[in-house]
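Take a look at the sequence and the fold, then read on.

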Amino acid sequence: MSSLVASGCSTPTPEVGIVTGKVKLDGKPLSEVSVLFTPEAQSTELNPASGAITDTTGRFELQYSMPNSRDLSAPHTGAGAVLGWHRVIVSDYKMMSELLPGPGRVPLRYADPASSPLRFEVVAGAQVIDIELRAP
């Protein structure tokens, strides 16, 4: 269940928590990986997924994007993730964006929504969610 905040006639925005963190593989920061938080309550236009790309230190700050009722070509975006439990996937953005061959730096179980063991709860306010991955 998601709470919405209405602001005048504009697109309603979800209630979110501000989420930052780091992604590490066996204790080492992973740069240029994609982090996607998908609400376990079905992701919809008013309950959007949130994502980020890590920087050179493995740090990320989640952002969400949802349709803008006034202009569909300009989505409403903001910092954070909707409140509640999320399934999380991490994938090798650098490998995908550069079309590099090979398995990538992220173990496949973390990149598949069906097999990712990563689940986190987003609460109101600011929070740090560090994601520690393990090589097989």
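Helices (H or I, at least four residues) and strands (E, at least two) are DSSP runs, numbered from the N terminus. By that rule, the chain has two helices and 14 strands. Please keep in mind that this is a predicted model, where local features need pLDDT of at least 70, side-chain atom pairs count only at pLDDT 80 or more, and totals for chains, interfaces and linings use all residues. Residues are numbered from 1 along each chain as its sequence is written, and side-chain values use heavy atoms, leaving out hydrogens and water.

**Confidence**
- The mean pLDDT (the predictor's confidence in each residue, from 0 to 100) is 84, and 75% of residues reach 70 or more.
- Over residues 1-9, pLDDT stays under 50; the model has 14 contacts (heavy atoms within 4.5 Å) for them beyond four places in sequence.

**Whole chain**
- The chain has 136 residues, and 35% of them count as buried, meaning under 20% relative accessible area with a 1.4 Å probe, protein chains only.
- Of the contacts between residues at least 6 apart in sequence, 62% join residues at least 24 apart.

**Nonpolar core**
- A nonpolar core is a set of buried Ala, Val, Leu, Ile, Met, Phe, Trp, Tyr and Cys residues joined through side-chain atoms within 4.5 Å.
- The largest one has 21 residues, and Val23, Phe37, Val90, Ile131 and Leu133 have the most contacts inside it.
- Strands S3 (16-25), S5 (34-39), S11 (84-91), S12 (119-122) and S14 (131-133) each supply at least two residues of this core.
- S3 gives the largest share, three residues.
- Not counting residues up to four places away in sequence, Val90 touches several residues, including Val23, Ile131 and Leu133.

Note on methods. Buried means under 20% relative accessible area, exposed over 50%, partly exposed in between (1.4 Å probe, protein chains only).
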